[in-house]
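Here is a friendly walk through one model, feature by feature. Please keep the viewer open as you read.

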Amino acid sequence: MTAFRSVIAATGEAHGDELPVHGPADVAAACALAEAAFDTFRSADYEVRARLLEGIADEILGIGDVLIETAMAESGLPRGRLEGERGRTMGQLRLFANVVRRGDWLQVRIDPALPDRQPAPRPDLRLRMIPLGPVAVFGASNFPLAFSTAGGDTASALAAGCPVVVKGHPAHPLTGALVAQAVARAVAQAGLPEGVFQHLVGPSHELGEALVRDPRIAAVGFTGSRSGGLALARIAQGRPVPIPVYAEMSSINPVLLLPEALKARGADIGAQFAQSLTMGAGQFCTNPGLVLAVAGEGLDAFVAAASGAVSTAPAQVMLTGGIRNAYTQGTAALAENAAVETLATGPADQGLAGAALFRTTATQFLADQALGHEVFGAASVIVVCADEAEMRAVLQGLEGQLTATLQIDPADETAARRLLPVLERKVGRILVNGWPTGVEVCEAMVHGGPYPATSDGRTTSVGTMAIDRFLRPVCYQNFPAALLPQELKS
């Protein structure tokens with residue numbers, strides 16, 4: 001295949017001009033340019049790096065309405081959502097510009113020499129973080145701006161001083177091309193080599209595999225399916241020199257409804273839950289795909305409100321035909337499971353997907369691992385627990401997750417405190433009386449979690465700590481001042 005076409009998400013029709021498909025030779029050329037640019041980029045003044053990030057944000061805004069309209073066609077997402085996503089994309093680029101200027105990402109440590117120490121003197125030791133090298137970034141289908149070509153992985157890698165080679169997502173190639181052109185303009189305006197940013201396009205898995213195998217790539221950032229993330233991780237670990245793959249993969253994001261909160265506001269919680277579940281056709285990695293509730297007063301009100309909202313939620317366009325088909329298969333499997341009760345299904349239409357809500361018991365959930373698998377879309381399972389001990393047992397049996405949410409009232413705080421140690425071991429972000437959809441880009445955010453939510457639970461793909469994924473420490477012992485990096489001079 002030498003060319004392919006963009007597809008309108010709502011209709012499946014091809015649109016726009018044919019796009020060239022990059023192959024192994026293009027991968028090799030892009031990685032060679034990235035490697036050639038690495039030392040120049042990493043040694044550039046930090047202000048140059050910060051201004052590059054700000055310049056990318058300005059260039060993205062300068063694309064104007066054509067960017068939003070193109071993303072709307074390719075993703076099926078509404079204008080308001082994409083305008084907000086554009087703002088988030090620019091905001092995280094500017095946030096990382098501030099991180100670069102601040103310099104704390106260098107994690108400087110200095111242990112001065114102690115020549116008179118007994119029984120042995122101590123040498124002068126100084127540490128700083130340096131960038132890993134060229135980074136491969138895989139665009140995500142569900143965030144065509146904020147997690148794709150110039151998304152968080154690209155922003156944090158560039159902030160670290162790593163050239164980036166993006167494998168654009170084939171579901172929104174025209175959107176990706178517009179953003180890639182904006183990034184290239186900003187790189188040129190900053191006076192940096194073109195190898196600081198490269199963009200590859202194509203619908204085949206072979207393109208991404210070739211990128212991860214290239215010996216010049218030093219790390220990988222990925223957001224997508226568990227199967228895709230694990231496939232890339234296997235390739236990366238099978239290289240002569242293995243490299244880290246920072247993959248955000250799958251999560252069902254349990255919501256815990258504690259008894260006093262259910263008694264006081266079960267119906268309100270049910271309506272809010274349904275709103276979070278159906279937002280964006282449920283195509284969020286933080287979508288609340290599991291609800292744990294202790295049987296008792298207020299649970300019926302929650303179920304009634306949630307079921308009513310789900311049954312009337314309008315059908316929505318999903319990102320791709322493949323995602324829609326997988327969602328349909330996943331909800332059908334739940335509906336056909338004898339241990340599961342279908343509470344509500346929303347209206348569906350040809351090419352559109354409706355929401356779905358199911359119920360089972362803790363005993364049945366624990367007996368069938370398939371009930372804990374992610375169904376990517378607006379589907380969720382309510383697990384009714386006999387008591388707090390059963391809720392704890394379900395939590396302990398869960399895989400690693402991105403988030404967990406506690407719906408509590410003050411009288412539930414003692415029980416919540418007992419459950420917190422389990423939640424801390426299972427998830428990256430714990431919310432109280434909120435909803436997991438919506439990830440703030442800020443200093444303290446963690447968008448990660450234990451496997452299989454991510455391939456490395458020590459990291460985050462959102463927030464300023466994301467820069468740490470693309471850095472490594474170097475210690476300088478007994479260096480003369482003239483040879484020391486500027487940051488390590490006294």
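## Helix α3 and its buried face

In helix α3 (residues 65-75), the buried residues are L67, I68, T70, A71, E74 and S75. Buried here stands for under 20% relative accessible area, with exposed over 50% and partly exposed in between, using a 1.4 Å probe and protein chains only. Helices (H or I, at least four residues) and strands (E, at least two) are DSSP runs, numbered from the N terminus. Viewed down the axis of α3, these buried residues fall within an arc of 165°, so they line one face of the helix; the arc is taken from the directions from the helix axis to the C-beta atoms. As a reminder, an α-helix has 3.6 residues a turn, so residues three or four places apart point the same way.

The cover over the buried residues of α3 includes β1 (3-7), β2 (14-20), α2 (46-63), α4 (79-102) and α6 (173-189). Just after α3, G76 adopts a positive phi of about 75°.

## About the model

This is a predicted model, in which local features need pLDDT of at least 70 and side-chain atom pairs count only at pLDDT 80 or more, while totals for chains, interfaces and linings use all residues. Residues are numbered from 1 along each chain as its sequence is written, and side-chain values use heavy atoms, leaving out hydrogens and water.

## Nonpolar cores and F302

The largest nonpolar core has 63 residues, and F302 and V383 have the most contacts inside it. Such a core is a set of buried Ala, Val, Leu, Ile, Met, Phe, Trp, Tyr and Cys residues joined through side-chain atoms within 4.5 Å. A second, separate core of 47 residues includes M90, L145, A157 and A186.

F302 sits in helix α10 (residues 299-312) and is buried, at a relative accessible area of 1%. Setting aside neighbours within four places in sequence, F302 is in contact (heavy atoms within 4.5 Å) with residues including L257, L262, V291 and I382.

## D409 and R265

Where is D409 found? D409 belongs to the loop between β17 (401-407) and α14 (413-426). Its side chain makes a polar contact with the side chain of R265 at 3.0 Å. A polar contact is a pair of N or O atoms within 3.5 Å; within protein, one must be able to donate a hydrogen and the other to accept it, and residues adjacent in sequence count only if both atoms are side-chain atoms. Beyond neighbours within four places in sequence, D409 also contacts E260, A261 and A264.

## Cysteines

The disulfide count comes to zero, where a disulfide is a pair of cysteine sulfur atoms within 2.5 Å. For C31, the closest cysteine sulfur is in C162, 13 Å away and too far for a bond. C31 is buried, with a relative accessible area of 0%.
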